[in-house]
Amino acid sequence: RESSRLKNLRVVYPRPLASKDNRERTPRPLRLGRIDAGYAYEREYCHYMVIVPANQSLEVEVHVEGATAPDVFACMFNRNPTSEAHTWRELGGREEQVILTIERTDPALHPGALFIGVYSLHETAFLVSARVREDPSDIGRYYQRCCRLLQLKLYAEAARDADACLKLQPSFAKAHFAKGRALYFLQEYEAAFAQYDAGLKAEAN
């Protein structure tokens, strides 16, 4: 799996203002595509709620720095999921991140509120995010995002999306040109011109 973009963040983690025994149990809202900085007390749950769109797979990611990742539980019932009450789970291990993936074909997944529980054996700060999982066969989405990344001057990320297009359709001329542009601004000139040539050949055919 590719390394998470969360690893590059530098965040000052907030410690909860409430005491351990008096923390609010209401799920904290989590927006798709946003990253929330959280704090877990030892052997206690942090609860979140995110709105799931229709016909989309979902990924919930939790990342910590310098510690093992916590466990993640999720369900679509109006309750806070725990190790005893959940539909999906992904247990943390020795890695610094854990990713819970829920496929859109899962019969238990439907549009609406998804409740998430983050549990740690140790008092720890963490980052949590929920995002729609990209369809690995959707060339158009990769190409559109690649073009947007080029506009934002995020050339390394644009080159990766162009690569994803070309893995699915090697003869996609526009993806060759987009990758060439990204590589050019990354100062990889020979590789960039090779992509331009490949795009011209693909157009000719």
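**View 1. Ring pairs join Y155, Y184, F185 and Y189 into a cluster.** Rings of Phe, Tyr and Trp (its six-membered ring) are paired here if their centres lie within 6.5 Å; planes under 30 degrees apart are called stacked, those over 60 edge-to-face, and the rest tilted. This is a predicted model, in which local features need pLDDT of at least 70 and side-chain atom pairs count only at pLDDT 80 or more, while totals for chains, interfaces and linings use all residues. Residues are numbered from 1 along each chain as its sequence is written, and side-chain values use heavy atoms, with hydrogens and water left out.

**View 2. Y39 and Y41 meet in one of the aromatic pairs.** By the ring rule, the count is nine aromatic pairs. The ring centres of Y39 and Y41 are 6.0 Å apart and the planes stand at 70 degrees, so this pair is edge-to-face. Both Y39 and Y41 are buried (buried is under 20% relative accessible area, exposed over 50%, partly exposed in between; 1.4 Å probe, protein chains only).

**View 3. Y155 and F185 form a stacked pair.** Here the distance is 4.8 Å centre to centre, with 15 degrees between the planes. The pair links distant parts of the chain: Y155 belongs to helix α2 (residues 155-168) and F185 to helix α3 (residues 173-185), 30 residues apart. Helices are DSSP runs of H or I with at least four residues, numbered from the N terminus. Y155 has 14% relative accessibility and so counts as buried, while F185, at 41%, is partly exposed.

Note on methods. Helices (H or I, at least four residues) and strands (E, at least two) are DSSP runs, numbered from the N terminus.
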